[in-house]
Amino acid sequence: MGKRKSSKPPPKKQQAKLDITFNCPFCNSSKSVVCTMDHDKEMGSMRCNQCQATHQARITHLTEPIDMYHDWIDECEKVNS
């Protein structure tokens, strides 16, 4: 007598990758803002390649580039209000 075949576990779902390039809030250039994160110094910076607009913020080990971009957008809206 042979043993029963066990069913294979279902394949794992792949998580979608988040962007690290964004649209500039000042010159509206698409995919021109690049985010660099230095976790050793706990500082992140964003810079537009077209209009040279920059933003720096403190980060933690949980911070993602999209979080920094939304912080920048929130700061822009706060200044404009």
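I take contact to mean heavy atoms within 4.5 Å. On that basis I looked up cysteine 48, which touches Cys24, Cys27, Ser32, Val33 and Ala53, residues up to four places away in sequence not being counted.

I note that the model is predicted, so local features need pLDDT of at least 70 and side-chain atom pairs pLDDT 80 or more, while totals for chains, interfaces and linings use all residues. Residues are numbered from 1 along each chain as its sequence is written, and side-chain values use heavy atoms, without hydrogens and water.

Next I looked up aromatic pairs (Phe, Tyr and Trp rings, the six-membered one for Trp, with centres within 6.5 Å; stacked under 30 degrees between planes, edge-to-face over 60, tilted for the rest). I found two such pairs. Phenylalanine 22 and tyrosine 69 are stacked because their ring centres lie 4.6 Å apart and their planes at 10°. Phenylalanine 22 is in strand β1 (residues 21–22) and tyrosine 69 in helix α1 (residues 65–80), so this pair ties together parts 47 residues apart in sequence. Helices (H or I, at least four residues) and strands (E, at least two) are DSSP runs, numbered from the N terminus.

I recorded phenylalanine 26 and tryptophan 72 as a tilted pair, 5.9 Å centre to centre with 55° between the planes.

I then checked burial (buried under 20% relative accessible area, exposed over 50%, partly exposed in between; 1.4 Å probe, protein chains only). Phenylalanine 22 is buried at 7%, tyrosine 69 at 13% and tryptophan 72 at 3%.
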